[in-house]
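Subject: Structure for your review

Hello,

Here is the structure I said I would pass on. My notes on its pocket and salt bridges follow below it.

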Amino acid sequence: MNGARTTPPILANKHHDAASVFTPESLLREAKRQKGGADINIPEICILDPDGDIVRYLKASGRARSHPGWVCYHTELQLFDEQGVTFGIVGCAVGASFAVLVAEEMFVSGCKLLISITSAGQIFPLGRPPYFILIEKALRDEGTSYHYMPPTEWSAISPALLDRLAGDWEPDDVPILRGSTWTTDAPFRETAAAITAMRDMGVHAVEMEAAALYALSAARKRPIICFAHVTNQMGIIEDDFEKGEANGAFDALSVVHRIAVRLNGDVGQIAASTEATKGPGSETYVITI
């Protein structure tokens, strides 16, 4: 050996401003050639459903239909209509790297706004689970984000998107808290010491995708909104991981529909940004979406 490495591989040789040799466009070009997919764009508003519960509900109720032009090697994209809005949705893209891979392919296939709704573990209690958090920023304790952005502690939602989500909502809508999360690649290494450190920082929940998706959003200028559906206390109590009616699908669909209505007409025109608008403290406030 020539001596100890001073920079870990996850931070070395990233060249964030350089173009990638391997692109989602080239992957999908070859996939379409091999699979013979129809040349049809996917909907402008798409959803990542890492748990797969929304997709399973839509299929079981006969509301989902396969998109004939989706040729991604790793997933299926379903179409469904919710109160007059057509969405595309991919289920079970769990973890930062998988979520970003699918997101990249969605954006070059016609998506203009991506909404992720992922299960999360409660860290800083905001109530009794289940409830939703609109993730303003996520701690980058995963690997994918470092390929898109230089090292920082956090990646954040676009301030322009956050501004558009402000304002009054109907009083009987599904309540959403705004806050921060810890994104980790290793859910079974959430140690007591790590959880305590996150709680001391005022982090509200732990999940596996948001930091990377927001890094992609900032790097590619792609509008992405991440929600944490806080459903559990990491299995430390009995009867944990309950998401509500239809495994949370009803409430999740209500959330995405109201987001679509709020942003209608501006999808694809909202610039993503790396600037954070609010730090991750213990202060929270409620919006309803």
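What is the volume of the largest pocket? In this predicted model, the largest pocket has a volume of about 750 Å³. Its lining is made up of 26 residues, and those nearest the centre are Ser20, Phe22, Glu104, Tyr148 and Arg220. Helices H1 (24-35), H3 (96-107) and H6 (210-220) are the elements that each give two or more residues to this lining. H3 supplies the largest share, six residues. By residue type, the lining of the largest pocket has eleven nonpolar, eight polar and seven charged residues.

On to the salt bridges, of which there are ten. Glu30 pairs with Arg29 at 2.7 Å, N to O, and also with Arg33 at 2.8 Å, N to O. Glu30 and Arg33 are three residues apart in helix H1, so about one helical turn separates them. Arg29 is exposed, at 51% relative accessible area, and Arg33 is exposed too, at 56%. Glu30 is partly exposed, at 25%.

Another salt bridge joins Glu82 and Arg63, with the closest N and O atoms 2.6 Å apart. Glu82 is in strand S3 (residues 78-82) and Arg63 is in the loop between helix H2 (53-60) and strand S2 (65-66), so this pair ties together parts that lie 19 residues apart in sequence. Glu82 is buried, with a relative accessible area of 11%, while Arg63 is partly exposed at 25%.

Regards

Conventions. Residues numbered from 1 in each chain as written. Predicted model: local features only at pLDDT ≥ 70, side-chain atom pairs only at ≥ 80, totals over all residues. Heavy atoms only, no water. 1 Å grid on protein atoms, 1.4 Å probe; cavity = no way out; pocket = protein on both sides within 12 Å on 5 of 7 lines; lining within 4 Å. Points joined across faces, edges and corners; volume = space filled by probe spheres on them. Helix = DSSP H or I, 4+ residues; strand = E, 2+ residues; numbered from the N terminus. Nonpolar A, V, L, I, M, F, W, Y, C, P; charged D, E, K, R; others polar. Salt bridge = Lys/Arg side-chain N within 4 Å of Asp/Glu carboxyl O. Buried < 20%, exposed > 50% of the residue type's maximum accessible area, 1.4 Å probe, protein only.
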